[in-house]
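Biologist: Before we talk about contacts and burial, could you show me the model, so that each term can be set against its criterion?

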There are 2 protein chains.
Amino acid sequence: MVPHPNDPSLYSFVPVDPTSDFPIQNLPYGVFSSGGGLAPRVGVAIGDFVLDLWELEQDGRLNVGDLGAFSAPTLNPFMALGPKLWSHTRARISELLRHDNPELRDNEELRKLALVPMAQVKLHMPIAVSGYTDFYSSKEHATNVGVMFRGKDNALQRNWLHMPIGYNGRASTVVVSGTKVRRPRGQLKPPGAELPSFGACRRLDFELEMGVVIGQPSPMGEMLDEVSAAEMIFGFVLLNDWSARDIQQWEYVPLGPFQGKAFATSISPWIVTREALEPFRVQGPAQDPAPLPYLQQVQPNNYDLQLDVGLRAAPMKESMRICRTNFKYMYWSSVQQLVHHASSGCAMNIGDLLGSGTISGPEKDQRGSLLEISWNGTEPVELSGGIKRTFLEDGDSLSLHGWCQGDGYRVGFGEVEGTILPAQ
Amino acid sequence: MVPHPNDPSLYSFVPVDPTSDFPIQNLPYGVFSSGGGLAPRVGVAIGDFVLDLWELEQDGRLNVGDLGAFSAPTLNPFMALGPKLWSHTRARISELLRHDNPELRDNEELRKLALVPMAQVKLHMPIAVSGYTDFYSSKEHATNVGVMFRGKDNALQRNWLHMPIGYNGRASTVVVSGTKVRRPRGQLKPPGAELPSFGACRRLDFELEMGVVIGQPSPMGEMLDEVSAAEMIFGFVLLNDWSARDIQQWEYVPLGPFQGKAFATSISPWIVTREALEPFRVQGPAQDPAPLPYLQQVQPNNYDLQLDVGLRAAPMKESMRICRTNFKYMYWSSVQQLVHHASSGCAMNIGDLLGSGTISGPEKDQRGSLLEISWNGTEPVELSGGIKRTFLEDGDSLSLHGWCQGDGYRVGFGEVEGTILPAQ
């Protein structure tokens, strides 16, 4: 019997360190280019290598019935093929990489073409983002923000426990890890100022989030349920929802965040498939009051996915961890978010990206934004060498990491990193 | 000397009624298909005909240096060619249609191919919408809504006079005129209800808006000014921002409208170019306080553009006018909206669509939504035959019209119509 690609006992002929994010149980998809003038194309991460799916297809080792899917500069054409093909393809790639399969292992010529050292590639945006939506689904985060701005007794808004609150973000500025982020300018009206002025953001923040990549469409006018929504999810990425707190604060009433969030959103380059995360599904927090029937879920739709945040302030040589939390704390699951998103009849498209909302946990060191970590700028975080930060300064580098811990292996996401450039 | 395509004295060999929206001074672009199995392609409206640009190109009468631009199913490839090409192309089309040019007029074979009666075509979405943003820039509308929900003394929010307030809408459900609109379902919490319930929207509304079509991109991290922003505007359409007031009311704090606006936005099929609207530019209302420097404008960026709204309630045979207003009343111009949109460094893309926000005027019969016309449902509008409406009912048809009145001709937009289907 053929072992399932998630089988913990599998291992590849490609050497993979137990602390690597990319063992054979993962096989995340990305878009890469390497020297030699070949255009960006689809690959899979395995250990310290990228497996070039286009080369495998050319050699007749992989066939998805769409010759353009792997030579495309985004994963959108592959995602369009649907969940069955996603699963078959992953199973075939797993088979090709297994230690006991000579097909690729013993074919030196093909191996040289198809296995590219990760150090030699450039990673690109893995998808063309159709729409970007950002949710607000961590109860701990929403409560922290609420206590800061409205006090303890009115921390959660009245609607928060009844639906996954979200807003449409700006798809045009979703960028891949490593893209430098220019400090935005905007209208600022600090407390006490009579009138707003226009200038560089002074309260630049990150938000630790996961992003859901939608791989199948749903038509306008129709709703989804738990099962149909889950099947549309191709996979997940790390997502940093960069936020200009001062711009946001002045602009957001009554229509929500706009320029305070529009300047950049960074995602990790590898999309970890929903299938690879299956073994790490867990029940989310109890929901009280019970959600309305359309939002109720039978399956455990949360994930035991460890997350941490590293900050390398401009003068520092190494990054320091400023948050360690877990995706499992989210009050509203990604499936509930997607069901709610389509509930009015809103059409969903291949390439839609759904941000989970900032992921904070119950403990103080589990806060997923500087707004919370520095408690609105009043408690600076102490970094090494006496350096302190309330918000991000020019030259600072912020990185998010995430992984699910298996027995002797981890299914990881790599990282999403961004360094702050001074305002123009 | 060649007359400018806007010259009021021009006329075409194609007969055009003085009340037609599409004289030779207009030449709006759209995407159409006709019988005979040809795929949707680019055309220009002239009187009761569509001029097939692809046929003209095939015949060597029109050359934009991009053979795919007119056979494409959207105007995005043509828009990508830039403002100089837009202008040259319009001048050449004007020349081909002039009464005194025999090129097309006397070429019966080509005329038969290239001039398709409008009654025989199907009109499609003219653009692939990259991002859809909706503003809130009529002072009269914002004041009316403010008075209704917060009282006279706090009608305008503190930030409203300082920037064009807007939010990101949902691009996936922007549809062309004639597309039926299904009444959305969603979470409702009517006044007095203890808990929300899920059901069909009971306060379904339209919003009379203009849409700006962005035809050129701007890079991430860079700002625009009045001149560079204006040059990116390809043209304008009528836009109906369908709104589920009850869903919106319960969901919108603190992140803005989401499912209450996500189910549908309708636009008119013909894009009237910025150039065709040049003769109708007027100064907008005085802005007090003066906008911050980045939002100041030297040019008159408003348009004297008449607008009306027709409602045909389900039992009625003919539509009745329920609003007559003018685009010139807008407090923030489309150019200011675009400059603000990019002010944080937000990249703009070809195919971005910017809704102006509901266009209301100072008078009672100039209100551009049923929310205002019926004053939050308390003053039903009386239609013919004793029929009354506070909000839209199933089977109702709502249409917007707009035109600039020249001396003996009008540069018009046609209409955007939508009929309400019952909730699923």
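**Domains, chains and salt bridges**

Modeller: This is a predicted model, and the domain assignment of chain A gives domain 1 (29-124) and domain 2 (132-421). The contact between these domains takes 20 residues from domain 1 of chain A and 17 residues from domain 2 of chain A, while their C-alpha centres lie 30 Å apart.

Biologist: What makes up the area buried between domain 1 of chain A and domain 2 of chain A?

Modeller: That area is about 1,500 Å², and carbon and sulfur atoms give 68% of it. On the side of domain 1 of chain A that touches domain 2 of chain A, the elements giving two or more residues are strand S1 (29-33), strand S2 (41-46), helix H2 (76-80), helix H3 (83-97) and strand S5 (122-124). By class, that side has 13 nonpolar, 6 polar and 1 charged residues.

Biologist: Why are A:Glu275 and A:Arg90 called a salt bridge?

Modeller: The criterion asks for a side-chain nitrogen of Lys or Arg within 4 Å of a carboxyl oxygen of Asp or Glu. For A:Glu275 and A:Arg90 the distance from N to O is 2.6 Å, so the pair qualifies. Across the interface of domain 1 of chain A and domain 2 of chain A, the rule finds 1 salt bridge.

Biologist: How do you know that B:Glu108 and B:Lys112 meet in a salt bridge?

Modeller: Their N to O distance is 3.7 Å, and the pair therefore falls within the 4 Å limit. Both residues lie in helix H5 (residues 108-114) of chain B, 4 residues apart, about one turn of the helix.

Biologist: Why does B:Glu108 count as partly exposed, and why does B:Lys112 count as exposed?

Modeller: Buried means under 20% relative accessible area and exposed means over 50%, with partly exposed in between. B:Glu108, at 46%, therefore counts as partly exposed, whereas B:Lys112, at 64%, counts as exposed. Elsewhere, salt bridges that share partners join A:Asp59, A:Arg61, A:Arg92, A:Glu95 and A:Glu103 into one network.

Biologist: What makes the salt bridge between B:Glu103 and B:Arg92 a link between distant parts of the chain?

Modeller: The side chains of B:Glu103 and B:Arg92 meet at 2.8 Å, N to O. B:Glu103 belongs to helix H4 (residues 102-105) of chain B and B:Arg92 to helix H3 (residues 83-97) of chain B, 11 residues apart. B:Glu103 has 26% relative accessibility and so counts as partly exposed. In contrast, A:Asp396 and A:Arg389 are both buried, and their closest N and O atoms are 2.6 Å apart in a salt bridge. Over all chains, a search of the whole structure finds 44 salt bridges.

Biologist: How many residues of chain A and chain B are in contact, and what is the area buried between them?

Modeller: The contact involves 60 residues of chain A and 60 residues of chain B. The area buried between the chains is about 5,400 Å², of which carbon and sulfur atoms give 61%. In chain A, A:Arg170, A:Leu255 and A:Phe258 lose the most area to chain B, together 15% of what that side buries. Between chain A and chain B the count is 2 salt bridges; one of the pairs is B:Arg170 with A:Asp352, whose closest N and O atoms are 2.5 Å apart. The count of residue pairs in polar contact between these chains is 19, with both residues at pLDDT 80 or more. The side of chain A that touches chain B divides into 29 nonpolar, 23 polar and 8 charged residues.

Biologist: Why is B:Met163 called buried?

Modeller: Its relative accessible area is 2%, which is under 20%, so B:Met163 is buried. B:Met163 is found in the loop between helix H6 (139-150) and strand S7 (166-168) of chain B. Not counting residues up to four places away in sequence, B:Met163 touches A:Gln187, A:Trp250, A:Glu251, B:Leu295, B:Trp332 and B:His340. B:Met163 and B:Pro291 are 128 residues apart in sequence, with their C-alpha atoms 7.5 Å apart in space.

Note on methods
Residues are numbered from 1 along each chain as its sequence is written. Chains are lettered from A and ligands numbered from 1 in the order in which they are written. This is a predicted model: local features need pLDDT of at least 70, side-chain atom pairs count only at pLDDT 80 or more; totals for chains, interfaces and linings use all residues. Side-chain values use heavy atoms; hydrogens and water are left out. Domain bounds come from an automatic or database domain assignment. Contact means heavy atoms within 4.5 Å. Buried area is the accessible area (1.4 Å probe) that two parts lose on being put together, summed over both. Ala, Val, Leu, Ile, Met, Phe, Trp, Tyr, Cys and Pro count as nonpolar, Asp, Glu, Lys and Arg as charged, and the others, Gly among them, as polar. A polar contact is a pair of N or O atoms within 3.5 Å; within protein, one must be able to donate a hydrogen and the other to accept it, and residues adjacent in sequence count only if both atoms are side-chain atoms. Buried means under 20% relative accessible area, exposed over 50%, partly exposed in between (1.4 Å probe, protein chains only).
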